[in-house]
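Open the model in your viewer and keep the selection tool at hand. The stops below go from single side chains to a sheet and the helices around it.

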Amino acid sequence: MGQKEILDRTPTPRTRRSLKTDLEQLGLQPGMDVIVHASLSSLGWVCGGPVAVVQALLDVITLEGTLVMPAHSDDYSDPANWSNPPVPESWWETIRESMPAFDARYSPLLSMGRIAEIFARWPGVLRSDHPAVSFAALGREAEFVAAHHSYHDCLGEGSPLGRLLELDASILLMGTGHDSNTSIHLAEYRAPGASRIQEGGPVFEEGRRIWKMRHDIDLDSTCFVNLGRDFEGEHPIQVGKVGSAHCRLFKARPLVEFAV
């Protein structure tokens with residue numbers, strides 16, 4: 001969405017203060033543990049852009065809560081499995097041999113949006129150490145959420161998603177839909193019948209860069225929109241607007257149990 005279109009659909013500037021007020025009215029509270037999926041353009045024109053959004057979120061939940069966002073870098077994976085777009089098979093070995101090892105301090109995010117990009121670099125944020133599907137966390141339970149991210153079954157019980165369920169955390173969809181709702185992936189591990197696959201990525205191990213294989217399930221988010229719609233039809237959720245964005249706030253555990 002272009003800046004002109006964003007301006008045209010914004011009746012008044014969105015600010016750190018106005019976003020904080022909207023988030024409070026939606027139901028966000030101090031001390032909450034929450035994973036956020038957010039679209040900056042959906043909020044309207046924001047004075048300060050993604051920085052103001054992160055500030056507003058932290059103003060509400062404070063560091064007594066825990067703010068989490070996906071910080072995925074899906075291109076740090078086996079090129080044999082790339083499809084958007086694929087690369088020639090003749091390139092695969094070159095990529096496996098030369099791709100820089102993942103480093104949580106500076107490896108780039110891929111298609112996560114400007115808010116997640118800013119948050120992943122925010123002072124004090126911890127980023128989990130998984131080359132393809134890391135998460136960024138800040139606040140009281142950040143270390144519990146982000147430390148020891150399982151290399152295998154990367155979005156399963158040993159991932160930040162599993163830890164968030166242990167914390168009875170909430171999910172905030174801020175201008176995004178359930179197609180972006182990463183937590184539903186945890187249900188894929190809990191439900192029977194998932195296909196197993198082999199994946200790989202560049203990591204540091206014992207001080208050197210290696211290409212490390214991992215076992216996982218064949219993740220598939222094509223049903224997430226329908227699952228989210230059906231869940232909302234049977235469970236109460238908090239709905240409102242933050243800026244111009246349609247937002248949903250609800251607990252993660254009931255959604256994952258429903259999706260299973």
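Select K20 first. In this predicted model, K20 is partly exposed, with a relative accessible area of 26%. What joins K20 to E24? A salt bridge does, with the closest N and O atoms 2.7 Å apart. Both residues sit in helix α2, and because they are four residues apart there, about one helical turn separates them.

Keep helix α2, residues 16-26, on screen. Next, bring up the sheet.

**The sheet**

Colour the strands in this order: β3-β4-β2-β1-β5-β9-β8. These seven strands make an open sheet with mixed pairing. Which strands are at the edges? Look at β3 (126-127) and β8 (238-242), each of which pairs on one side only.

Zoom in on β8 and its neighbour β9, residues 245-251. The two run antiparallel, joined by five bridges. Pick V242 to see one end of a bridge; its partner in β9 is A245.

Now return to helix α2. It packs on the sheet and touches β5 (170-174), β8 and β9. Its direction makes about 170 degrees with that of β8. Helix α10 also packs on the sheet, touching β5 and β9. Here the direction of α10 makes about 85 degrees with that of β9.

**Two packed helices**

The crossing is right-handed. Which residues meet? Select L227, D230, F231 and E234 in α9, then P254, L255, F258 and A259 in α10. By class, this contact has six nonpolar residues, two charged ones and no polar ones.

Leave D230 selected and show R229. Their side chains meet in a salt bridge, 3.1 Å from N to O. D230 is partly exposed, at 35% relative accessibility.

Move to E205 and K212. They form a salt bridge as well, and their closest N and O atoms are 2.9 Å apart. E205 counts as partly exposed at 32%, and K212 is partly exposed at 25%.

Finish with D33, R140 and E141. Salt bridges with shared partners link these three residues into one network. How many salt bridges are found in the whole structure? The search finds 15.

Technical notes: Residues are numbered from 1 along each chain as its sequence is written. This is a predicted model: local features need pLDDT of at least 70, side-chain atom pairs count only at pLDDT 80 or more; totals for chains, interfaces and linings use all residues. Side-chain values use heavy atoms; hydrogens and water are left out. A crossing is left-handed if the near helix is turned anticlockwise from the far one by less than a right angle, and right-handed if clockwise. Contact means heavy atoms within 4.5 Å. Ala, Val, Leu, Ile, Met, Phe, Trp, Tyr, Cys and Pro count as nonpolar, Asp, Glu, Lys and Arg as charged, and the others, Gly among them, as polar. Two strands pair if DSSP finds at least two bridges between them. Axes are lines fitted to C-alpha atoms, for helices over the stretch in contact, and angles run from 0 to 180 degrees between N-to-C directions. A salt bridge is a side-chain nitrogen of Lys or Arg within 4 Å of a carboxyl oxygen of Asp or Glu. Buried means under 20% relative accessible area, exposed over 50%, partly exposed in between (1.4 Å probe, protein chains only).
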